[in-house]
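Subject: Structure handover

Hello,

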Number of protein chains: 2
Amino acid sequence: MLFSKLLIPTLKEVPSDVDITSAKLMIRSGIVNRLSSGIYEFLPLGVKILKKIEKIIRHEMDVIGGQEVTLSLMLPKELLLETDRWNVYGKELFRLKDRKGAEFCLVPTAEEGITDLIRRNVKSYKQLPITLYQFGTKFRDEIRPRFGVIRAKEFLMKDAYSFHADEFDLEKYYKIMFNAYMNICIKCGLKFRVVEATSGAIGGSFSHEFVALADAGEEEIVWCNCGYGASTEKAKCFKIERFNNDGPLNMEEVVIPNINTIVDAANFLNLSVKKIIKTVIYITDGNPVAVLIRGDHEINETKLKDLLGASKILIADEQTVISIINVPLVFLGPVGLKNIKIIADTSVIDILNAFVGANKKNCYIKNVNYKIDYDVDIIADVRKIMHGDICSICKKEKLMFSKGIEIGHIFKLGNKYSELMKATYVDKNGKKKFISMGCYGIGVTRILAAAIEQSYDNNGIIWPNSIAPFEVVVVPVDYKNSKINKITKKIYEELSSNGLDVLIDDRNERIGVKFKDADLIGIPYRITIGEKNLANGNVDLKSRKNTKSKILKPECAVAEITQMFYK
Amino acid sequence: MLFSKLLIPTLKEVPSDVDITSAKLMIRSGIVNRLSSGIYEFLPLGVKILKKIEKIIRHEMDVIGGQEVTLSLMLPKELLLETDRWNVYGKELFRLKDRKGAEFCLVPTAEEGITDLIRRNVKSYKQLPITLYQFGTKFRDEIRPRFGVIRAKEFLMKDAYSFHADEFDLEKYYKIMFNAYMNICIKCGLKFRVVEATSGAIGGSFSHEFVALADAGEEEIVWCNCGYGASTEKAKCFKIERFNNDGPLNMEEVVIPNINTIVDAANFLNLSVKKIIKTVIYITDGNPVAVLIRGDHEINETKLKDLLGASKILIADEQTVISIINVPLVFLGPVGLKNIKIIADTSVIDILNAFVGANKKNCYIKNVNYKIDYDVDIIADVRKIMHGDICSICKKEKLMFSKGIEIGHIFKLGNKYSELMKATYVDKNGKKKFISMGCYGIGVTRILAAAIEQSYDNNGIIWPNSIAPFEVVVVPVDYKNSKINKITKKIYEELSSNGLDVLIDDRNERIGVKFKDADLIGIPYRITIGEKNLANGNVDLKSRKNTKSKILKPECAVAEITQMFYK
């Protein structure tokens with residue numbers, strides 16, 4: 001293709017009101033056009049990249065038996081009422097009415113649509129398992145659209161849904177889909193981690209996030225070289241077994257007036273913060289519980305909520321605590337605490353000779369020990385992961401903390417939607433059963449942004465070979481010079497016939513302008529054809545990743561590039 | 001692919017509330033799922049067909065230099081206010097607000113979006129001409145969604161837009177696009193006509209509709225073997241020159257009381273209806289005009305509106321006519337009519353010794369002749385085409401009348417949008433000019449429906465080879481029989497390696513069920529493999545179009561089918 005014929009409106013200026021490098025580069029290199037806040041349009045280069053990503057994804061879906069469908073973009077309110085998501089989604093949902101007053105939303109994800117399709121069309125075990133997928137626009141009325149296409153109002157997603165006779169079959173297929181998602185991320189050239197994640201608005205028992213590592217990302221994850229990974233919200237905390245020669249001492253009450261926190265009290269006594277047991281009261285679905293946590297730890301409310309199976313938890317304020325226990329917050333402690341369920345984080349019960357509030361004003365207790373001086377109802381991992389924590393799987397290495405962009409998320413939904421929406425099938429024995437279900441989403445536009453976020457320099461984007469809009473740019477110094485023109489066309493034809501996607505920069509521009517644009521757009525390989533090198537029968541080959549170029553024969557340049565794409 | 005693994009929910013029953021054969025067959029054959037009124041979802045077979053149609057269209061667009069883009073589906077109100085289409089579209093537009101109150105519509109067609117994109121990104125004549133296209137969902141809040149996907153709320157369209165330095169270049173490209181659209185229709189296997197059409201809500205000076213012939217279609221067109229075609233609204237009427245030996249007679253006033261119409265008056269006098277000149281008063285943008293039309297003709301209001309360049313025309317009622325001319329409707333006539341612009345249809349002025357109202361109660365005039373007894377201000381073609389009319393181009397043959405489905409529509413927009421939206425470029429001489437524009441739409445989902453509407457029988461669909469979901473179905477009588485299984489797989493592999501799209505009906509069903517489904521789905525070729533034929537080394541080959549099958553060697557069946565797709 002010829003540069004002069006394409007709409008590639010590159011910009012020298014950096015748009016001032018864009019908050020992330022990938023979005024700046026997408027606009028500057030003519031990949032997207034920003035229509036309005038959170039709405040982006042894909043220009044020819046952008047569509048070329050999206051098509052390459054789509055092709056990789058479609059292949060992986062087809063290989064594992066996925067069948068492509070096209071669901072509607074408008075979903076009737078009635079369907080989302082069946083799962084209550086019409087209400088749960090709140091303001092994130094774009095809502096509209098038709099001229100007869102029927103209400104619809106623009107599809108945020110398609111669980112209701114697909115479950116409805118399946119319950120209408122699948123009746124028998126003979127039709128299961130089945131996997132359907134689509135590429136479709138999704139809509140979210142983001143409170144603050146940002147990060148370019150990453151948090152946009154409209155974005156392109158591949159969503160897949162699988163349907164199974166039982167959990168066992170779902171489990172088996174979930175692993176197959178997991179591997180397909182791994183392949184997609186690898187083939188798109190991404191640096192990524194797979195992490196255990198919380199299921200959020202989609203629900204279900206279990207989910208994995210595929211996170212492209214990027215400092216600008218919103219996701220916070222931990223991971224270990226042993227393979228373990230989790231969102232910081234979900235990450236399991238490892239309990240180091242107590243190994244201590246000291247024995248438990250006798251409890252000792254201490255009065256320390258005019259102190260604001262138990263940490264200050266411990267400091268006053270020169271005790272380590274690791275000796276403190278903080279006691280925090282929560283109201284969970286209306287009932288109070290006391291949570292014990294070590295002084296240097298923080299409570300992970302997601303874990304607490306999951307542990308209690310609560311739909312809502314809320315930390316109790318001073319007044320509520322006084323009304324329940326008749327003790328101000330700062331003096332709370334586990335010793336003698338009655339009529340309330342006590343939950344201890346796993347690390348708490350191992351604290352030898354702990355320091356706690358005495359449930360009396362200005363009073364604390366030293367040398368408090370589990371099972372001797374206090375007891376608890378539940379022991380569980382309810383704390384936030386923190387820097388320095390050891391991996392709970394290999395039990396050896398310290399966890400790494402990274403930021404990233406969520407590009408994929410797969411969910412084992414089980415019967416959540418099939419029960420709510422009555423999607424059943426008849427099994428071999430003529431018995432009606434709920435269909436087990438998984439759902440699997442990957443952001444096509446997000447992969448594009450994440451790839452840029454992972455790979456750019458001061459001059460522009462550096463595309464992975466697999467999803468570059470063009471694989472090679474041929475830059476004639478002067479396209480009108482007949483010798484240069486001839487060799488340019490020859491190289492173009494040879495690379496093209498080798499299956500490569502080649503751009504000729506035929507514009508009547510200075511060579512500096514052509515180089516700047518090639519670098520900005522991020523095309524992996526550049527062949528420059530100028531009179532000086534051509535006098536010796538040579539051209540100049542440069543990889544976008546390297547600063548140095550090579551002078552070599554045209555046929556060698558063609559061979560070397562072709563090899564890079566077929567190795 | 002194996003039938004048992006695919007979601008092809010065929011139905012025996014005909015859905016009762018579906019109004020058109022193609023929609024019934026699409027539902028029965030498992031191509032679509034109807035989600036709600038006017039909203040259809042495409043199942044795996046449907047997506048396969050759409051992808052084949054898309055591939056044909058994409059190829060034609062790429063060949064003529066089209067560049068694929070992806071525009072947004074939500075358009076900000078501000079853009080549509082610039083062209084006033086926010087108001088013009090009325091209730092057909094789906095409207096919605098984001099959480100901040102900003103208003104959007106779901107895109108009905110993308111002229112505003114693309115013109116905005118171009119005015120932001122095209123500055124110089126060097127960037128022109130340019131053609132952008134996309135495949136995208138379009139939305140219309142139809143007053144009465146019907147005919148399956150033909151008048152749906154959501155539908156898939158390929159829309160293209162071209163931008164040019166001047167009308168001359170646009171004109172040239174319009175012809176190129178015209179040919180590309182011809183190719184698309186031919187390659188999709190459609191019987192179609194191209195007709196001159198009115199431009200409707202899109203606007204512009206000139207447009208052509210591509211109409212698939214189908215009795216169930218809404219479009220009414222006329223066409224001639226000479227190549228001429230037009231919508232009945234737009235069709236030019238041919239005026240046969242008067243050839244008559246009689247001369248004009250003297251006017252004669254006649255009084256006929258108690259008559260309701262001028263036709264009844266003519267009947268009373270035994271005069272031909274072709275002798276009558278009807279006089280009709282219109283109010284055009286507030287001003288009255290009188291329109292003269294022959295007794296057996298009808299006024300074409302679209303032609304009248306175009307002729308007068310009026311934005312609104314309205315037939316005047318009795319009261320209005322009396323207030324203007326002081327004569328009841330039925331006695332209106334051109335003789336002595338004053339203070340009003342008179343427009344005569346071309347056929348009127350040739351009526352020799354015409355019969356008209358006398359502008360007096362119960363009075364008529366016989367033997368009225370143009371230029372002798374009355375005059376007019378404008379003579380123009382303002383009548384509706386009718387059966388028996390001669391083609392205005394070849395001036396020989398009678399026009400044919402057909403019904404059809406509009407599948408494509410191309411428009412020469414000129415500067416309509418670029419002037420309203422200030423889309424300009426700087427020409428070679430540094431002068432700012434408006435960009436000339438064309439727009440070109442083709443309904444992907446409509447092509448699918450039209451193809452069915454043109455080709456089905458009592459057993460189901462008969463797909464054209466080029467867009468069939470599968471090209472061949474191989475039907476083993478018993479897939480578990482090892483001999484049958486082996487030859488089935490061999491034929492599958494050979495056809496597939498020849499590039500054909502093959503389905504194996506591996507289901508454990510009676511052969512009758514398999515045949516019924518193959519016929520319903522409409523796969524062009526069927527190879528049946530049963531023990532009886534196989535004993536003689538033969539299989540059974542049947543084309544969907546023919547009732548008879550052939551018994552032949554497997555390799556001959558493979559060769560014969562392959563030949564059909566490569567001839």
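Of the interface residues of chain A, 100% are also interface residues in chain B, so the copies meet through the same surface. This is a predicted model, in which local features need pLDDT of at least 70 and side-chain atom pairs count only at pLDDT 80 or more, while totals for chains, interfaces and linings use all residues. Residues are numbered from 1 along each chain as its sequence is written, and chains are lettered from A and ligands numbered from 1 in the order in which they are written.

Interface: 39 residues of chain A are in contact with 39 residues of chain B (contact: C-beta atoms, placed from the backbone, within 7 Å). The side of chain A that touches chain B divides into 20 nonpolar, eight polar and eleven charged residues (nonpolar: Ala, Val, Leu, Ile, Met, Phe, Trp, Tyr, Cys and Pro; charged: Asp, Glu, Lys and Arg; polar: the others, Gly among them).

Symmetry: chain A is superposed on chain B by a rotation of 180 degrees with 0.2 Å of shift along its axis, RMSD 0.2 Å (least squares on C-alpha atoms of residues with pLDDT of at least 70 in both). That is the relation of a two-fold axis. Among the residues of chain A, A:Leu96 comes closest to the rotation axis, with its C-alpha at 2.7 Å.

Helix pair: the axes (lines fitted to C-alpha atoms over the stretch in contact, with angles from 0 to 180 degrees between N-to-C directions) of helix α2 (residues 44-63) and helix α11 (residues 444-454), both of chain A, come within 9 Å and cross at roughly 110 degrees. Helices are DSSP runs of H or I, at least four residues, numbered from the N terminus.

Regards

Technical notes: Helices (H or I, at least four residues) and strands (E, at least two) are DSSP runs, numbered from the N terminus. Two residues are in contact if their C-beta atoms, placed from the backbone, lie within 7 Å.
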